[in-house]
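Reader: Please show me the structure, and then let us go through some questions about it.

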Amino acid sequence: MAVQTTTPTSTTTGATAETSVDLGPASALSCRECGERFPLGPIFACDQCFGPLEIAYDLPLGDPESLRKRIEAGPANIWRYAPLLPVPADVADKPNLNPGWTKLVQADKLAGELGVEPGKLFVKDDSGNPTHSFKDRVVAQALEAARAFGFTTLSCSSTGNLAGAVGAAAARAGFRSCVFIPHDLEQGKVVMAAVYGGDLVGIEGTYDDVNRFCSELIGDPLGEGWGFVNVNLRPYYAEGSKTLAYEICEQLGWRLPDQLVVPIASGSQLTKIDKGLQELVKLGLVEDRPYKIFGAQAEGCSPVSAAFKAGHDVVRPQKPNTIAKSLAIGNPADGPYVLDIARRTGGAVEDVNDEQVVDAIKLLARTEGIFAETAGGVTVGVTRKLIENGLIDPSLTTVVLNTGDGLKTLDAVAPTTGPTATIRPSLDAFRDAGLAH
Ligand SMILES: *Cc1c(COP(=O)(O)O)cnc(C)c1O
């Protein structure tokens, strides 16, 4: 559907003039706080109450069976869900990294170690995306919005994975990219962010400093005409996380899981997984029954977990200090919404320390052959903790998200992982090493 956009009136939009855009079923932007509606455009905050904006849809309500068939006949990537996303109908024909449709692994050996019934525990392994993290999903949406609004430069503030996903998507789609990261990220993240040939800028500060810098840049002529995927394109970007919910349900045979364990950085992913699950119910694609969403943080950056445990509605910012750098957002924008969802669904928010993160990475690797980045160590570690303290029911279906690849955070496990032995190339030496059994 062609929708009229506003001509930019304020410097905070960073918009280029564009008269109409085609973003498929997306019909408007709506304020999550006051409900005020705005035409689709590169804006992210309500001009009435400053609340965050999200996409409103004309969802394809109708016969669920034919929608299900249409989805199942679609490509093996996120575009199978194009009727539910802010993208044009012909999105699959455009140059794009086509992420998604990653594996849902039935994790029986991990289940055995955690005391979960066989067949009940699954790992949604998003390390299989083109740049090895879940961020390819959100960037793919932002890219389509950037195309629709006429931006030619893609940018972002990143804790690491997003910078790589933007760099790669921009390279493939023929955009310029200039991305911003904290200067002290893991080498794997820095190399991934730089190798695609865009500009990469290290900022001397935390992610929250980088994010503040980008907000200033958007309001300045220096950033004019730039699409910041997680700032002025954030409403579109955020919708990409819904595809995780869609895939999990479809891969379970069009069924809602009972319990989900989701990592929290800004909290956007968790809130949109909930939105995605609710849409599937509304569309009649899955049967309506209760599910619980659990949020996972690292102890060294646990503002949402701290607020949850204290019974607070507001999230007090922290200065991050953890090996789980991809989740190290001390002032998470969606924190209060995460608290609402965890409480409404009967879930919880929990955290684990760095040592538990490393243990959980190794546990997942040795039980299921999945090498997760630190964020995956956080979700697996939190799952273990929540089972131990009785908040996750081991007799129900649980899906744990692994959102990134362990090759990007080698430093986390390198000090405690290595060869079992180093020997001379002789049978005697091997026999002496005591490994021949
Ligand atoms: C960005 C990221 C997340 C979640 O981010 P949100 O800001 O909460 O949406 C989770 N895992 C990894 C590995 C990430 O890079």
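**Ligand and sheet**

Author: Among the 15 residues around the ligand, those that come nearest are Lys 135, Ser 266, Gly 267, Gln 269 and Thr 403; a residue counts as near if one of its heavy atoms lies within 4 Å of the molecule. This is a predicted model, in which local features need pLDDT of at least 70 and side-chain atom pairs pLDDT 80 or more, while totals for chains, interfaces and linings use all residues. Residues are numbered from 1 along each chain as its sequence is written, and side-chain values use heavy atoms, with hydrogens and water left out.

Reader: How many Å separate a nitrogen atom of the ligand from an N or O atom in the side chain of Thr 403?

Author: A polar contact here is a pair of N or O atoms within 3.5 Å. For Ser 266, a side-chain N or O atom is 2.5 Å from an oxygen atom of the ligand. For the side chain of Thr 403 and a nitrogen atom of the ligand, the distance is 2.6 Å.

Reader: What is the order of the strands in the open sheet?

Author: Strands are DSSP runs (E, at least two residues), numbered from the N terminus. Two of them pair if DSSP finds at least two bridges between them. The open sheet has six strands with mixed pairing, in the order 6-7-15-12-13-14.

Reader: Which are the edge strands?

Author: An edge strand pairs on one side only. Strand 6 pairs with strand 7 (residues 121–125) in the antiparallel sense, over four bridges. The edge strands are strand 6 (103–106) and strand 14 (349–352).

Methods. A polar contact is a pair of N or O atoms within 3.5 Å; within protein, one must be able to donate a hydrogen and the other to accept it, and residues adjacent in sequence count only if both atoms are side-chain atoms.
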